[in-house]
Amino acid sequence: MNPVLEIDALSVTFCGKQAVHAVDRVSFSLGGGEVLALVGETGCGKSVIAHAVMGLLPGEAQVSGRIVFKGRDLLALSERERSAMRGKDCAIVFQDPSRALNPVHRIGRQIAEPVLIHGAGSREEAHRRAAALLERMGLSPPGNYLPLYPCQSSGGMNQRFLIAASTILDPSLVIADEPTKGLDPGRVHEVEDELVRLTGGGRTALLLITHDLAVARRIADRIAVMYAGEIVELAENDAFFDRPSHPYSRGLLQSLPEHGFVPIPGSSPSPVSPPPGCRFQARCRDGKAVCGGQHPDLVSAADGRMVRCWQCR
Amino acid sequence: MLSCRSWIPGPPGGEEIHRAGRKVLRYVLSVCAIIAINFALPRLMPGDPVMNLIGEDAMVTPAQLAEIRAKIGLDRPVTVQFVSCLGDLLCGDLGYSFHLHGPVAGILWSRMSWTLLFAGTAIVLGALIGIIAGALSGWKPETRRSRAVTCAAMAVSCTPPYFLAMLFLAFFAFRLGLFPAKGYYDVLTAGSVVHHLLLPVAVLTLFAASRNLLVMRGSVVQEKNSHYALYARAKGLFGRQILFRHLLRNASLPVITLVALDFGFIFSGALFIEIVFSLNGMGTLIYDAILARDYPLLQGAFLVIALLVVTANIIADLLYGALDPRVREGGV
Amino acid sequence: MRAMDALKSTNRGAMALLAVFLCMAAFPSLIAPYGPSERSMPYQAPGPEHILGTTNMGNDILSELIYGARISLLVGFASALMATGIGLAVGLTAGYFRGALDEVLMAFTDVVLIIPKIPLIIILAAFLRPGVGILILVLGALSWESIARVVRSKTLQVRETGFVMSARCMGFPPLRIMASDIVPNIVHVVLPKFMLATAAAMISEASLSFLGLGDPSMESWGAMVSSAFTKGGFIREMWWWYLPPGICITLCVLSVAAIGFAFEAGEGTTVRVE
């Protein structure tokens with residue numbers, strides 16, 4: 001089956017006073033209807049990948065590599081061609097929904113907007129579709145919600161409205177950037193259900209960016225762990241949570257509440273000048289001499305997963 | 001079962017009424033202050049209060065003066081005087097101008113409609129032009145055109161309006177002879193009025209637009225970096241579509257505040273321009289009154305202008321509330 | 001970055017321009033070719049003896065121009081100083097003590113804000129036969145509202161910082177806290193407002209002089225334009241009479257405002273000349 005999204009050696013560098021290497025030769029692919037969770041701590045580059053795929057990086061970002069979406073290399077397209085795809089073929093759901101929604105426009109208008117932008121219907125048609133979508137999401141009657149303003153509803157509700165606005169045109173790829181950040185547990189489950197409902201049909205692929213491992217565990221098919229701008233482990237959901245390979249992955253799982261809240265000592269390396277060799281080496285308990293000297297590649301392990309570690313060969 | 005509160009906005013709650021009440025109180029207090037100032041001025045200023053009340057240039061015989069002095073009743077207690085003054089105001093009596101031999105209210109009324117036409121057109125046009133030009137300039141602030149426009153706007157807003165008017169008059173009317181140099185009309189037709197008013201309206205519009213442009217530009221530059229602007233782009237909006245569909249309304253809000261606050265300033269500018277263009281509106285009336293020290297007229301004019309400004313502020317407040325739901329909800 | 005360089009060069013240009021005007025104001029007798037009361041033939045066009053011609057009274061226009069700088073700058077800065085003083089007092093008090101005092105002061109500020117300045121100034125000036133002093137007092141007493149608002153909001157912020165909290169806990173008298181802790185931290189917002197208030201005061205002075213309400217003994221730039229307008233210079237297209245003072249007003253206000261804008265550029269707030 002052809003993958004919907006194929007990322008090949010993607011690198012993103014921000015050129016300011018110093019060059020910041022946010023993403024370094026990341027490669028992975030996403031099949032149709034699949035859910036891939038990209039996890040990692042703040043600053044590891046996962047949001048940058050999301051923005052790179054959507055083409056929303058600021059001007060001073062230098063992008064290299066290939067981002068192939070449904071057979072087209074996105075980096076070779078013009079801005080106009082890319083904006084024709086945004087909201088229609090690929091969509092993104094931002095964190096902080098209350099700020100991502102325009103505070104002076106009604107919810108109904110914002111959900112219906114992609115239909116009008118891409119010329120997929122008249123204004124009445126667009127509002128009908130928005131109402132139908134809200135009904136499908138269980139927000140009924142939709143007339144209660146469409147005339148609201150973002151300031152009149154809660155963060156959790158706004159996040160669901162945001163998802164509705166992003167998915168109204170049935171995009172093949174949805175990127176959810178920290179969709180459950182800052183929500184209380186009840187709302188987190190609502191959003192999760194929404195995302196599961198989204199990918200249930202097998203037509204929409206979801207790239208889930210999160211630092212919340214619990215959410216990743218509940219809804220992802222595969223897990224990709226990022227550290228310091230690189231992918232360090234890529235495995236199936238069950239295999240990953242049963243037996244994480246990379247020392248960083250192990251550390252992450254141990255820092256969860258149910259495993260004792262054991263933090264990983266130290267902090268991630270500076271993206272301006274990453275260390276030679278393995279980037280996790282300074283904080284790794286199992287580090288050996290080779291880890292400091294040579295940079296490991298992402299290679300396949302016996303059970304099909306990919307790991308970037310000299311100790312996991 | 002989904003847990004959700006009732007999302008339907010209900011009747012205004014206690015807090016909303018409280019906030020609206022405070023605004024109304026503020027306006028009422030302002031009007032009271034204005035009336036109080038108007039009342040106190042002639043009585044507090046140096047010189048004979050009676051002369052202050054009837055104007056320096058009033059040509060009255062000593063007998064008439066004594067009569068007036070008795071009628072005004074300056075020896076009555078202050079509160080009684082104030083109440084009587086208030087009563088006069090409510091009846092629309094703004095005093096009598098001895099200089100012009102007529103009731104102040106009537107004189108002001110006849111001249112004011114022209115000034116309002118002139119100033120009102122310029123304020124509305126200035127707001128529209130300032131918003132659009134400021135939005136375009138703020139969207140691409142680094143381009144040479146945007147910077148040139150910004151510099152021009154700064155230069156214009158630093159120029160006294162009457163000087164700008166003189167330049168326009170000297171160039172377009174005297175030198176090029178394209179426009180008439182004085183008056184509101186030769187014949188009372190729409191065409192003639194437009195022909196006469198074109199230059200003055202252009203000057204005042206330019207002045208108001210330059211101020212609005214600067215504020216709008218700064219506002220757009222700020223709003224450009226907001227999350228919702230980025231999300232609009234993520235939905236597929238391209239280039240200036242983002243500006244016009246999303247940013248324009250949000251970024252115009254400070255401009256509305258400015259137009260309200262500025263109303264008094266722009267209206268005053270209109271008076272100066274009227275003087276330069278010899279238009280028969282409030283400007284020349286006030287200029288005349290200053291030369292003749294016709295205090296009743298000046299006070300009446302002050303009262304009327306101040307009340308106009310309060311009205312403009314109220315309208316702007318309502319408009320702002322209509323555009324920005326956060327204000328209605330009290331969340332800003 | 002290009003934006004910062006542009007800002008720096010505008011700033012330097014504005015400061016240089018302002019310096020020129022300050023020199024004109026400080027040492028007029030050194031620069032001006034004629035004294036303020038020397039007269040020759042009136043209504044002269046520009047020539048070798050009088051570079052900018054003469055007025056209807058025979059005064060040299062260039063000399064009048066140079067002497068006129070004093071009034072504009074004096075009235076501008078002095079009234080802005082007064083407005084800033086009042087604004088600081090009101091804003092600090094409201095922001096520091098909060099509560100009922102804050103409400104009352106802000107209500108008072110709001111009310112004063114709505115009252116239209118120029119008509120009120122016109123009336124006061126008409127009653128009072130102004131000189132420079134009255135002008136400064138009146139302008140200063142009517143322009144402090146926006147400064148008070150800004151000072152108040154910044155004071156509310158600074159009040160909650162660590163070192164101010166500790167000073168309050170230690171029981172220092174409020175006046176001392178305000179002076180030594182709060183004021184130094186709000187200077188950077190007050191300074192641009194001061195410059196913009198100066199610019200506004202200069203325009204107001206020019207407007208009042210145009211109406212004949214300025215100081216009759218000192219011929220400010222606005223009064224020069226007024227003379228040109230009323231004494232036949234404008235009708236006769238004597239542009240050398242009214243153009244230079246008008247341009248001087250614009251340039252002087254522009255330089256002060258530009259400096260004010262530059263100060264405020266770091267704050268990221270929207271700016272305007274009042």
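What share of the contacts in chain C with a separation of 6 or more comes from residues 24 or more positions apart? Such residues account for 70% of them. Two residues are in contact if their C-beta atoms, placed from the backbone, lie within 7 Å.

## Basis of the model

This is a predicted model, in which local features need pLDDT of at least 70, side-chain atom pairs count only at pLDDT 80 or more, and totals for chains, interfaces and linings use all residues. Residues are numbered from 1 along each chain as its sequence is written, while chains are lettered from A and ligands numbered from 1 in the order in which they are written.

## Chains C and B

Chain C has 11 helices and 0 strands. Helices (H or I, at least four residues) and strands (E, at least two) are DSSP runs, numbered from the N terminus. The C-alpha trace of chain C spans about 75 × 50 × 30 Å along its principal axes. Of its 274 residues, 50% count as buried. A residue is buried if 20 or more other C-beta atoms lie within 10 Å of its own, exposed if 12 or fewer, and partly exposed in between; the C-beta atoms are placed from the backbone.

Chain B comes to 13 helices and 2 strands. Its C-alpha atoms fill a box of roughly 85 × 65 × 35 Å, taken along the principal axes. Chain B has 332 residues, and buried residues make up 42% of them. In chain B, residues 24 or more positions apart account for 75% of the contacts with a separation of 6 or more.

## Where B meets C

In this interface, 45 residues of chain B are in contact with 41 residues of chain C. Seven helices of chain B give two or more residues each to this side: α1 (14-44), α6 (144-157), α7 (161-175), α8 (190-223), α10 (240-276), α11 (282-292) and α12 (295-323). The largest share, 9 residues, comes from α12(B).

By class, the side of chain B that touches chain C has 31 nonpolar, 10 polar and 4 charged residues. Ala, Val, Leu, Ile, Met, Phe, Trp, Tyr, Cys and Pro count as nonpolar, Asp, Glu, Lys and Arg as charged, and the others, Gly among them, as polar.

## Where B meets A

Here 24 residues of chain B are in contact with 31 residues of chain A. On the chain B side, α9, α10 and α13 (325-329) give two or more residues each. Helix α9(B) gives the most, with 6 residues. The residues on this side of chain B divide into 12 nonpolar, 6 polar and 6 charged.

Helix α9(B) covers residues 227-234 and is mostly covered: 6 of its 8 residues are buried. They are B:Y228, B:A229, B:Y231, B:A232, B:R233 and B:A234. These buried residues pack against α1 (46-54), β6 (90-93) and α3 (97-100) of chain A, together with α8 and α10 of chain B. Just after α9(B), B:G236 takes a positive phi of about 115°.

## The sheet of chain A

Chain A holds an open sheet of 8 strands with mixed pairing, in the order β6-β7-β8-β3-β9-β10-β12-β11. Two strands pair if DSSP finds at least two bridges between them. The edge strands are β6(A) and β11(A) (299-300), and each pairs on one side only.

Strand β7(A) (173-177) runs parallel to β8(A) (205-210), and 5 bridges join them. A:V174 stands opposite A:L206 in β8(A). Helix α7(A) (185-200) packs on the sheet, touching β3 (35-39), β7 and β8 of chain A, and its direction makes about 155° with that of β8(A). Axes are lines fitted to C-alpha atoms, for helices over the stretch in contact, and angles run from 0 to 180 degrees between N-to-C directions.

## Strand β7(A) in its setting

Why is β7(A) largely enclosed by the rest of the structure? Because 5 of its 5 residues are buried. A:L173, A:I175 and A:D177 point one way from β7(A), and A:V174 and A:A176 the other way. In a regular strand the side chains alternate between the two faces of the sheet.

Strands β6(A) and β7(A) pair in the parallel sense over 4 bridges. The bridge partner of A:A91 in β7(A) is A:V174. The chain crosses from β7(A) through α7(A) to β8(A), and this β-α-β crossover is right-handed. Right-handed means that, with the strands pointing away from the viewer, the path from the first strand over the helix to the second runs clockwise.
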